[in-house]
Every structure is written in structure tokens, then in C-alpha cells.
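We will walk from one selection to the next.

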Amino acid sequence: MFNIFSQIAERACQGQAASRDEALTILNSSDDDLIELVAATSRVRRKFFSNLVKINYLVNLKSGLCPEDCGYCSQRLGSDTDVLKYPWLPKADAQRQAEFGLSGGASRVCLVASGRGPSNRDVGKVSDMVTSIKSSNPDVEVCACLGFLKDGQAETLKTAGVDAYNHNLNTAESHYPEICSTHTFADRVDTVTRARNAGMSPCSGLIVGMGETHEQVVEAIESLRAVDSDSIPVNFLIPFDDTPLAGTYELSPHKAMRILCAIRLMCPDRELRIAGGREMHLRSWQPVSLHVANSLFLGDYLTVEGQTAEADLDMIVDGGFQIVGADEPAAALRDRVLAHRNAHRAATSPGPEPQTTPEEQAGDISLPCGKKTSVSAAPGGNLTVPTIRRRGAGTQYEPNA
Ligand code: SF4
């Protein structure tokens with residue numbers, strides 16, 4: 001297979017995207033061929049992004065309480081998932097959270113709010129936050145993710161200084177009715193189009209592992225190309241309890257890697273970002289995935305915890321990468337973040353334990369160190385730790401940045 005992968009990659013380096021059939025060949029290829037696929041695909045990643053990794057940082061401005069019914073989402077209508085629920089963060093809190101991410105190496109801050117879409121008043125609120133964040137951090141890129149946009153809202157956000165707008169297509173149009181009934185795929189395309197037409201950079205990606213076929217993965221990638229997505233976050237389904245997709249574990253690290261390779265080869269020059277669920281599904285392949293993807297979210301996600309920010313930075317340093325926009329080597333930044341974190345821990349030790357719910361306490365197991373954690377086993381014997389976020393935005397605890 002190496003020659004086939006190599007030829008596809010060679011053409012991608014020249015800017016010619018892999019075809020639908022080639023992408024299916026990649027998705028259907030054997031685990032035994034994966035290293036050859038990654039080796040070929042990494043040449044494309046290097047060609048367009050050299051040795052750079054872009055760090056993005058999520059600030060969850062408003063959590064839970066959504067009227068939509070997206071089947072994968074812990075914030076959906078009627079979800080009993082015990083995620084943090086809070087209304088809009090005050091501007092000062094949003095700025096403070098953003099600055100944690102910037103000090104951890106982020107060059108883009110992603111301001112996210114749950115819900116179907118913002119009111120004009122909400123857009124004004126976010127515009128104020130953007131002005132405030134940019135006044136003290138002029139080089140930062142701000143991406144907003146506020147749901148469906150109505151007439152004039154994209155233009156208002158652009159005027160306020162929003163650089164990019166995130167609205168994921170999530171899956172193939174042919175699969176969309178399986179995951180959501182309160183809006184359509186066409187609604188999603190409409191908002192990405194509004195953002196692009198207003199001059200914001202379209203950020204639109206996927207959630208994989210939701211029962212889609214390989215053909216539907218390719219269909220979804222073709223749709224991302226059609227909406228001209230500049231940055232493509234790839235989420236790997238976290239099957240939250242109390243959601244329709246609870247118990248859905250369809251991804252192996254190898255399969256997750258093949259999907260990333262297919263996206264890279266079909267969208268050679270687009271930012272490809274490893275996002276939510278990467279820890280659970282890529283597992284020990286995460287560092288290798290940065291030789292295909294060129295971007296990640298630092299630390300925690302909207303409603304679940306990620307691995308530590310130090311572990312994210314370790315992957316970058318150990319892979320021989322540098323950080324987009326950083327004015328110091330990646331290793332120096334990693335060491336500074338680690339020193340700060342250790343100093344903070346020492347100063348606050350014994351620190352407050354994260355809040356846990358009665359249900360979590362009931363499911364706790366003791367670790368050898370005496371601490372407690374909540375662990376669930378996925379089919380196939382894989383350990384997964386979808387820990388609900390209880391730090392950072394909306395809490396009194398320091399974020400993971
Ligand atoms: S994905 Fe967004 S729109 Fe859908 S339920 Fe979750 S917060 Fe609401």
C-alpha cells in the first residue's frame with residue numbers, strides 16, 4: 001500500500017486533494033498499513049504547516065440549558081448528564097479565562113455558548129468581550145461559536161473583531177437526521193456560509209464515531225470542502241450517559257488515525273485540529289496524530305476534562321514541534337507553564353478538591369495514592385475516563401491551561 005499512499009500524498013503536496021475513492025481506500029485500509037499511511041500523510045502536513053502546531057483554547061461562556069436535541073451532546077434538551085450549567089459569564093470572567101489559555105501558548109481563543117443561536121443582545125455581549133480581550137492581547141485570534149446566526153449578526157461580530165466563526169457540520173448530510181431532529185444539515189451550512197460571507201474565517205468540523213459509514217465520513221469531508229472550511233476540528237464521540245449515543249464505542253485508535261489521514265489528504269492545506277474525545281479514542285496515538293493534524297485544543301473541553309495542559313505541551317515538545325505565534329521555544333513555554341502550575345499547587349496545597357456529585361462519589365474507586373477517581377470500562381476492556389469538567393469557566397477553580 002505504501003506506493004498508493006505515497007502517490008496520493010505526493011499529489012496532495014502539489015495541492016491536489018485525494019479523491020472520494022482514494023479516501024475510501026484509506027478508510028478501508030488495514031491496521032498493518034497504518035504506519036505507512038501516517039508516514040506518507042505526514043509529508044503533506046509538513047509541506048503546508050512545517051513543524052508548527054497551533055494551540056486553541058476554549059472558553060465556555062454559557063453551559064448547558066440548550067433547547068436543541070443533538071444526540072451526541074451533553075447539553076442537549078432533556079439531558080440528565082450532570083454537566084456544569086451556568087448562564088453567560090461576566091465579561092471580566094471571560095477575559096480572565098481567555099488569558100489563562102493565552103499564557104498556555106494559545107494563539108486562538110474560542111468563545112463558545114450553548115443554545116440554538118444568539119439574540120442580538122447576546123451578540124452585543126460577545127462583541128464587548130472580544131473588544132476587551134483584544135485590547136490587552138492585540139495579536140490573539142478570536143473565534144466565536146454561538147450557534148445559528150441570523151441576519152446582520154455575522155457582520156456585527158466581524159466588526160467587533162471576531163476573526164473566525166465555528167459551526168461544525170458534524171456529520172454527513174445523509175446521516176444528519178439520525179443525530180438531530182430540531183435543525184437540519186442545511187441550517188448548519190447556512191450559518192457557515194453567513195460567517196464566511198461576512199469575512200470571518202469559517203471553522204467547521206466533524207464528530208466521528210456516531211454510527212456513520214466510511215462513505216458518510218467521505219461525504220462529510222466533501223461538504224467541509226464545499227463550505228470552504230479553513231479549520232477543521234475533529235471530535236471523537238464521547239458517549240455521555242443519558243444521551244441517545246450513550247454506550248456507542250465505534251472508534252479504535254487506528255480507525256481514528258485513518259480518519260485524520262483521510263481528512264488531511266482531502267483537505268491538504270487546511271488546519272486540522274484534534275479536538276474533544278482525542279484522549280479517549282486516539283489514546284497513545286495522540287502524539288503521532290500531530291504528524292497528521294497541525295492543531296489542538298489545550299486542556300479541557302466545554303463539558304469534559306481533557307488531559308493536562310502540560311501533557312498537551314509535552315506532546316508538542318517531544319514531537320519536535322514549535323508553537324504558532326509563540327515568542328519562545330515550545331520547551332521553554334512548557335517548562336514555564338509547568339513551573340507556574342507547580343508553584344500554584346505548592347501555594348495552595350492542600351488545595352480544594354474538585355466538586356463531585358453524589359453519583360460520582362457512589363462510583364468512586366480508590367487509587368494507590370489514596371485519592372479517588374471515577375472510571376468506567378468501555379466494551380472491549382478499554383478504560384475510558386470521560387470526567388465531567390468541574391474547573392475553569394463557571395467554577396471557582398483554576399482552569400487546565
Ligand atoms: S451541540 Fe450545540 S445546539 Fe446541539 S444540543 Fe449541544 S449545545 Fe445545543
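The tour below starts with the whole chain and then visits single spots.

This is a predicted model, in which local features need pLDDT of at least 70 and side-chain atom pairs count only at pLDDT 80 or more, while totals for chains, interfaces and linings use all residues. Residues are numbered from 1 along each chain as its sequence is written.

**Stop 1**

Where they touch, domain 1 gives 21 residues and domain 2 gives 22 residues. Contact here asks that the C-beta atoms of two residues, placed from the backbone, lie within 7 Å.

Which elements give two or more residues to the side of domain 1 that touches domain 2? Select helix H1 (2–13), helix H2 (20–27) and helix H3 (34–49) to see them. The largest share, seven residues, comes from H3. Helices (H or I, at least four residues) and strands (E, at least two) are DSSP runs, numbered from the N terminus. By class, this side of domain 1 has 13 nonpolar, five polar and three charged residues. In that count Ala, Val, Leu, Ile, Met, Phe, Trp, Tyr, Cys and Pro are nonpolar, Asp, Glu, Lys and Arg are charged, and the others, Gly among them, are polar.

Now click on Ser50, in the loop between H3 and strand E1 (52–62). The phi of Ser50 is near 45 degrees, a positive value in a residue other than glycine. Most residues other than glycine have a negative phi. Ser50 is exposed, with 10 other C-beta atoms within 10 Å. A residue counts as buried with 20 or more other C-beta atoms within 10 Å of its own, as exposed with 12 or fewer, and as partly exposed in between, with C-beta atoms placed from the backbone.

**Stop 2: around the ligand**

Select Cys66, Glu68, Cys70, Cys73, Gln75, Arg76, Ser114 and Gly147, which surround the ligand. Each has its C-beta atom, placed from the backbone, within 6 Å of the ligand. This shell divides into three nonpolar, three polar and two charged residues.

UniProt, in an unreviewed entry, places a "binding site" feature at Cys66, Cys70 and Cys73. UniProt positions are given in the numbering used here, feature names are shortened, and annotations may be inferred rather than shown by experiment. Zoom in on Cys70, in the loop between E1 and helix H4 (91–103). Cys70 is buried, with 21 other C-beta atoms within 10 Å. Leaving aside neighbours within four places in sequence, Cys70 contacts Arg76, Ile179 and Cys180. Cys73 lies in the loop between E1 and H4, and is buried with 25 C-beta neighbours inside 10 Å.

**Stop 3: a second annotated site**

Select Cys110, Cys143, Cys203 and Arg273, which the unreviewed UniProt entry also marks as "binding site". They span 164 residues in sequence, yet no two of their C-alpha atoms are more than 14.0 Å apart, so they gather at one spot.

Cys203 sits in strand E5 (residues 201–203). How many C-beta neighbours does Cys203 have inside 10 Å? There are 26, and Cys203 counts as buried. Beyond four places in sequence, its contacts include Cys143, Tyr165 and Ser231. Arg273, in strand E8 (residues 271–274), is buried with 23 other C-beta atoms within 10 Å. Among the residues that Arg273 touches, not counting those up to four places away in sequence, are Asn56, Ser231 and Phe297.

**Stop 4: helix H6**

Just after H6, Gly161 takes a positive phi of about 110 degrees.

**Last stop: Asp335**

Finish on Asp335 in helix H14 (residues 330–348). Asp335 is partly exposed, with 15 other C-beta atoms within 10 Å.
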